[in-house]
Amino acid sequence: MKHKILNISFAINTLILLCCIYGFCVLTLLDKYWVDSYENSAFFQNKTNLVNRAIILGIDGAGNLFNAEAPNIRNLMKNGIYTLNGKSVMPTISAECWGSIFYSVPPKTHKLTNHLVESRNMSNPSITSLFKLTRQNFPDSEIYSYATWKAFDIGFFENYVFNEIYARFNDSDVIQQGINCIKNKNPKLLFMYLGDVDRAGHHHVYQSEKYYQVLNDADKSILSVLQAMNEKHYFDDSLIIILSDHGGKGKRHGLGIKDMINVFFTAYSPHFPANMEISNYSIIDVSKIVAVSLGMAVPDDWIGKYPQELTEYFREKQRKFVEKSVNDYMNSTFFLSIFLRMKTFFNLVQIKARYYYHEFMLRSNL
């Protein structure tokens, strides 16, 4: 009789244990499903750092701003990511630099030179520019380029990818064209190139009083562009980049010395943290940053890198997002309802088991 009682007791305890294990597995699977559903959601994967457009303002020959006041550029740095110690490419010549910026490869790969971009149309299908990549990913998008250097509508890019491309302006014309584009059109990608600063360096010496005057004038012009963006609420959904291609010393550039190769870079996005200084930046990274922000897969031959500081920032942001989602789930009525039902079920099993056990013992003693 005692053996039967022990066997029944063992069976009841085993049943309770199995029910507990089952309940734990169910809750664990539900928890995992909740986390996986958020990690694989469109919001989590694709919309945590994307923007609707990118606007790039390039200042040729501005280096790392040197001792220029440039309050508007520096203010954008405080509201986004930045560096004053970025690196250009060798040689620090405009065509080589801008080619590396927009093709995300070194000069030896894109092979663009000042002579080539000014003398023949671009025709190199083996490399892909940021503009061409944008056209491929967004066939119906609007892409614009305004510059003071004629090479930008001759030999840098395939002109068919642009809705509008002009390179016969002075800096004030470029700024006005850019403002008109922002106010009256819907650019997916807009590039404005300012060349007066570099010309001032060649004519009046880099880092001279006249050079700084022209650089600060460019900064004032950029303010009017930023104001136009603000009126269109572009700060809510746009990537805004201001950068330089190289610096200079005396009346020249082209070498790898500090004043020539050090450059500034700043980028604002509503998803970027404010006042974040990035390290190990190269002008080759620019197109990668834009492509990632627009949600485009980059070509295999691009060697540009996404800032490590931003990668870590978004990884931590996503981790906190998932953690909060799980906590919200665990505190939700739905979860509590399931948990209470499971707990009630376990309690009923124990009550029933004890009832039958005592019933059996009672009958055994009769």
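Q: Which ring does Lys188 lie over?
A: A charge sits over a ring if NZ of Lys or CZ of Arg is within 6 Å of the ring centre and within 35 degrees of the ring normal. Here Lys188 lies over the face of Phe138, 4.3 Å from the ring centre. The charged end of Arg53 sits over the ring of Tyr234, at 3.9 Å from its centre. This is a predicted model: local features need pLDDT of at least 70, side-chain atom pairs count only at pLDDT 80 or more, and totals for chains, interfaces and linings use all residues. Residues are numbered from 1 along each chain as its sequence is written, and side-chain values use heavy atoms, leaving out hydrogens and water.

Q: How many aromatic pairs are there?
A: Rings of Phe, Tyr and Trp (its six-membered ring) pair if their centres lie within 6.5 Å; planes under 30 degrees apart count as stacked, over 60 as edge-to-face and the rest as tilted. The count is 28 aromatic pairs. One of them, Trp98 with Tyr193, is edge-to-face, with 5.5 Å centre to centre and 75° between the planes. Trp98 is in helix α4 (residues 94–103) and Tyr193 in strand β5 (residues 187–194), so the pair ties together parts 95 residues apart in sequence.

Q: Is Trp98 buried or exposed?
A: Buried means under 20% relative accessible area, exposed over 50%, partly exposed in between (1.4 Å probe, protein chains only). Trp98 is buried at 0%, and Tyr193 is buried at 4%.

Q: How many disulfides does the search find?
A: A disulfide is a covalent bond between the sulfur atoms of two cysteines. The test is a pair of cysteine sulfur atoms within 2.5 Å. The search of the whole structure finds zero.

Methods: Helix = DSSP H or I, 4+ residues; strand = E, 2+ residues; numbered from the N terminus.
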